[in-house]
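Colleague: I have the model open and would like to go through it with you. Can we start with the layout of the chains?

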Amino acid sequence: MYRYDEFDERLVRERVAQFASQVERRLSGALTEEEFRPLRLKNGLYLQLHAYMLRIAVPYGTLHARQLRQLAHIADVYDRGYGHFTTRQNLQFNWPKLKDVPAILGLLADVEMHCIQTSGNCIRNVTADHFSGVAHDEFEDPRPIAELLRQWSSLHPEFEWLGRKFKIAVTGATQDRAVLKSHDVGVRIVRDPATQQVGYQILIGGGLGRTPMVGKVLREFLPREKLLSYLEAVLRVYNLEGRRDNKYKARIKILVHEIGIDAIRAKVEEEFAAIDSPRNDVDPQEFARIAAFFAPPAYESLPDVSRKLEQAQAADAELARFVEHNLFRHKQRGYTALTISLKPIGQAPGDATSHQMRVIADLAEKYSFDEARVTHMQNIVLPHVRLDDVPEIFAVLRAEGLGTPNVGLVTDILACPGLDYCALATARSIPVAQALAEHFADPAKQKEIGDFSIKISGCINACGHHHIGNIGILGLEKKGAESYQITIGGDPGENYALGELLGPGLPAELVPEAIDRVVAVYLSQREPGESFIEAYRRLGLAPFKAAFKEIADAVA
Amino acid sequence: MLLLDRQGEKVDSFAHLQDGEKIAGKTPIVPLAALEAELAVQGGAPLGVLVENNVRTAELEPYFGTLALIAIRFPSAADGRGFSLARQLREHGFTGLLRASGPLFSDQFPQALACGFDEVEIPDASAARQPVEHWLAARNRITLAYQHEHGLGESILDLRRARTLEKNLNGAKNV
Amino acid sequence: MAAVKRPPLPVILVANDLLEGDVVYAVAGGWTRDPRQALVAGDEAAAQALEAFGATELRQCKVVDPYLVDVQVGEGGLPVPRHYREVLRMHGPSVRRDLGKQADFDY
């Protein structure tokens, strides 16, 4: 993991003092609310439905035990004993007081953390594949460039006042687990087929929200040393040319859509030509310095298969289910990446208590080289676990209510906080997620359904990624009541697709039954080995729409 | 209006046209639309121009040698196009004075300077809430940057390079 | 600027405390965290007075985002907002009955 040097540390400490000064000047009236609002947002502080909310950056989702324990401490002292892991690999506290925020930031700085640019119209926290560095299908660990981008984008003087937020995601794997195509910029590490040189494919203009757009290829191959100067050109073109007349049309995806990918490319290349110089290249020494922090840990040499785990599985059906669903194939023989589901049936997706954070910290320290990852699916990964240790880890998780064996299944539901917390929401998300999880709680039923993603947003801004759920649920207001629009066929991965609307909105209580009908169509019409999304692609919208209509008609 | 540079409050030797008229004893700042006409009559005397933040650098480039000052208007504090425009003007070789003109607030001062502005000109309403001391204090709150500041060479990257060099030198001495 | 449309009467004034962030309701000359104490304006003059109070308190850095909420006065004098968003705001997260005003004031 990356560790701060004296410069990183000083910058974060100075930023804390700067924020404290901004709060003081707000209270004295030197800063108006209009001036202060973007300043507090750029430091992750929102004013939500019931209280302030503080969003803490977890750069590319990577945490170590000391950081998790500090988050638990903050939750206990300054919040209500829990936190919420978000779809952008961050952590949110729902109840901080403005007067306490400088102290909280100080505690974060003590463990090399911050809230810099977790909101506001600037470059946001860089996200990455949560299996970075360990995935069997990975070409190169993307975290060194994620860290490079974190530094480059932090307090960038030119890009603090963009037309709108700007999100970057990176991956180095074949399978896209970082949802590159829904980001303003996606960076994929690739090898140039001609020269065998390692560099980047750059995607641009993806996004969800009220106008979902699929990211397009801006550059097929960018040499390694040009990454920052090229992105500087992208950001400058966006800052100068992006729309400022309408905040709903201010994301770069709209600019790309309006002038076209070829015109954007021409502008970026022109700007890049002006910026490109050895002085602006990524310094190979600096890149090597950062990359060294992400060298693989000292793995033991182990056999491929763990007899110990096999025996334990044979004796414990729950452990067997956990192994089947929550383990991911590791690069290193005898190891696995273990996902801790923050989706116990009936709980708020992504929430963890301070006690659970400490439990996870202990497990990370003892079994995973002191490392944990936050996933955009709102779960936690222990990335370097010996297969031999899985039974012991599972025993602890089960005792702490963290052993739910549902990763990638119908109850592994992604949901934004919705109107239970969020001031922008038009409807609640969490109760819908809870009701669906309860409805599909039976493990046998979940297994029968197989790979299935439900994603729920409480408003059009789509923090719950509803467009790219196999089933997407969007909470809206209809005639003074909460109403839920349901889409089908979304896919965040290689076969990236936005979902299609199934029919009119439903009240919350009918959502589980409607999804049940859709699932029934799949179960009755699937071919052997066919997943839900594959069956949907083969069958098309019609049979699902017909089944859905039976429920919708009952309301009408 | 309050005019500031890195050192603090500054007497303005320039003046925007008032009702289309120049102010005696001051170098005039004319709107871009009037620039050609002004150049035709001013006979080589110093001149400034006021531009909107959506002007193209290419439009101004032919005048780089003749302009003593370019003032970029900030319609609001949240509209950051002027920062990129300033950067671009500097990278394309403008060496005269660059002024940010509009309701910026003190926390944006270091950002403006880093992007190549020399000075900011803020309306009285802003200056009443944020006196000169606030602007000077803002300038020094964050003493480090990952990015190269315009005209300065002390980014964190440079400091890291220097640190490595020093370590290597010390290592060499010890051998 | 076009005149902002005021919600139908009766109304209460809601805002966030600047320093704490808590949701607060206007009472005579001040604020309360307890919605049951909220001052209900039943006529146009009282609604205007609430609105003016909100604007003053915003300027004086006491509260953020003050606005009027239309209510019905229910059992025991508790003003009940007509819109579900404001009802949630008055109670707290529906998924955490142990948090928010519903827990603080036990209703």
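Colleague: What distance separates the centres of domain 1 of chain A and domain 2 of chain A?

Modeller: The two centres, taken over C-alpha atoms, are separated by 26 Å. Keep in mind that this is a predicted model, where local features need pLDDT of at least 70, side-chain atom pairs count only at pLDDT 80 or more, and totals for chains, interfaces and linings use all residues. Residues are numbered from 1 along each chain as its sequence is written, and chains are lettered from A and ligands numbered from 1 in the order in which they are written.

Colleague: Which domains is chain A divided into?

Modeller: Chain A has domain 1 (6-110), domain 2 (127-291), domain 3 (307-399) and domain 4 (414-555). The bounds come from an automatic or database domain assignment.

Colleague: And how many residues of domain 1 of chain A are in contact with domain 2 of chain A?

Modeller: Seven residues of domain 1 of chain A are in contact with nine residues of domain 2 of chain A. Contact means that the C-beta atoms of two residues, placed from the backbone, lie within 7 Å.

Colleague: Chain B next. Where are its domains?

Modeller: Domain 1 of chain B covers 2-142 and domain 2 covers 144-175. Their centres, over C-alpha atoms, are separated by 33 Å. Five residues of domain 1 of chain B are in contact with four residues of domain 2 of chain B.

Colleague: How many residues does the contact take from chain B and from chain A?

Modeller: It takes 31 residues from chain B and 33 residues from chain A. On the chain B side, α3 (81-91), α4 (109-114) and α7 (156-174) each supply at least two residues. The most come from α3(B), with six residues. Helices here are DSSP runs (H or I, at least four residues), as are strands (E, at least two), numbered from the N terminus.

Colleague: What about chain C, how many of its residues are in contact with chain A?

Modeller: 21 residues of chain C are in contact with 23 residues of chain A. α2(C) gives the largest share of the chain C side, four residues.

Colleague: Different topic. Which residues are buried in helix α14 of chain A?

Modeller: In α14 (residues 430-439) of chain A, the buried residues are Ile430(A), Pro431(A), Val432(A), Ala433(A), Leu436(A) and Ala437(A). Buried means that 20 or more other C-beta atoms, placed from the backbone, lie within 10 Å of the residue's own.

Colleague: What covers the buried residues of α14(A)?

Modeller: The cover includes β16 (414-415), β17 (454-457), β18 (471-478), β19 (481-488) and α16 (511-525) of chain A.

Methods. Buried ≥ 20, exposed ≤ 12 C-beta atoms within 10 Å, placed from the backbone.
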